Amino acid sequence: MTNSGRHWYAEEADDWDAIQARQIDALPTLVRRLRDRSGLYAERLADTDPDRVDTLASLQDLPFTTKEDLRMGQSTSVGGERAILGRQQAVETDELEQVISSSGTSGSPVHFGLTRNDRESWTDAIGAFYVTAGVGPGSIAALSTGMPMVAGGIPYADGIRRTGAALVWFGGQTTPRMASTLERLQVNTLIATASFATMFADKVEEVLGVPARDLGVRTVISGGEPGMGLPDVRAGVMEKWGASRVSEVMGLGDVLPGVWAECEAGDGMHFTALRDVLVELVDPATGAQVLWEEGATGELVYTTVRREATPVLRFRSRDHIVVKGMDCICGRGTPRIRCVGRTDDMLIYKAMNVFPTAIREVALAAASGEVHEVIRLRKESAAQVRFDGPIPLEMQTRHAPDRQAQEDLRRRVEGAVREQLRVRVAVEFVPDGTFGLVGDKNSIVYVADRG
Ligand SMILES: [Zn+2]
């Protein structure tokens, strides 16, 4: 069973090995170009024979690139005015057609360049990404991004138009004005973060006096934060908007703003940047490659196989994912994933490494439906990674259990976490609704799919 009519690239139906093999074919050319033209990679690849980088495994001999490398690289001047983007710029400045900025939420922004070819391939790849997420002819698609210069700005607008949809770029206006635009233009597709989609639904009712679900938005597409991977959050957004489809998406400006998008099956995001990006799954602790297979977990590492202006080799995204499956009823042969957190979020309990998402998974299983899926791990400061005492874990109870029931529940959760992860947590119950999608700066809220 295939729906290949809705596949952007014919090769989306190929199996993953065949798709990756084509990307690997492009590696020798990329490595040669990086070595010869990029200040960031010239030294690192000086002893590398490009023709020997011809298998997925051989990539492991090459160094990773981090966000910090890019930040440092762009602050180093190269050849006077010629390289406005610093050491990672691999073309002459007059070949640049556009500059894009990372959002800079964690530090100063990094700028990326696009040549004419880059811009064309981004537009096409982002088209594939939005088609997978449910955009196309007939879509009246409202984009809520406020700034043109960021990865979710002009590149998203270009990609949405490429699908054949009518773009309504209404971001950057006041919320009441956005609500009126949504109604007047009969928008049927909303592109926004999970928290904005939730907040905006309430605002729409306040401004227009009609519930958001009466407006005709039937598809909601969300990225930029992991919330939409959670069944509860999805159901909430669907209900508020009366939507028949919610698609989670993920991308990053350092690589390509749209690389993963959920198909109509709604069971994890497919890899969509087949022609532009090679993606590895690695063990975040050892850096070793992990095989792409159902149930595998690891950090996503990206290589841009044909980007000209600011290419990256083995860029560590710090996004930690789980593979939901390697095939799908939509006929795509690309892996389906859920993002379960950031590698940066790893905690250390008495010399034991633990992902907050692992705590969450065990705690929720032990609580068997009596608590909300969003939990909170409380830190003393945003920078705290080490815990010598039990890690404070807040859970929102669905009903108000009596004291005895609560005590039993606490014992069950703390016991399960201790037994399965060898980590101690101190559970505190709070009423449902105490905290929403995003925690304050001294806490982290973990959101992940239980599968
Ligand atoms: Zn699918």
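Ile348 stands opposite Asn353 in strand β15. The strand that pairs with β15 is β14, residues 347-349, and the two run antiparallel over 3 bridges; two strands count as paired if DSSP finds at least two bridges between them. Helices (H or I, at least four residues) and strands (E, at least two) are DSSP runs, numbered from the N terminus.

The model is predicted: local features need pLDDT of at least 70, side-chain atom pairs count only at pLDDT 80 or more, and totals for chains, interfaces and linings use all residues. Residues are numbered from 1 along each chain as its sequence is written, and side-chain values use heavy atoms, with hydrogens and water left out.

An open sheet of 3 strands has the order β15-β14-β17, with mixed pairing. Because β15 (352-354) and β17 (386-387) stand at the edges with a single partner strand each, one side of each has no neighbour in the sheet.

Strand β6 covers residues 219-222. Thr219 and Ile221 point one way from β6, Val220 and Ser222 point the other way, and all are buried (under 20% relative accessible area, 1.4 Å probe, protein chains only; exposed is over 50%, partly exposed in between). From β5, the chain passes through helix α8 (residues 194-208) to β6 in a right-handed β-α-β crossover; with the strands pointing away from the viewer, such a path from the first strand over the helix to the second runs clockwise.

| Strand paired with β6 | Sense | Bridges |
|---|---|---|
| β5 (residues 189-191) | parallel | 3 bridges |
| β7 (residues 245-252) | parallel | 4 bridges |

Thr219 in β6 is the bridge partner of Thr189, while Ile221 stands opposite Ser247 in β7.
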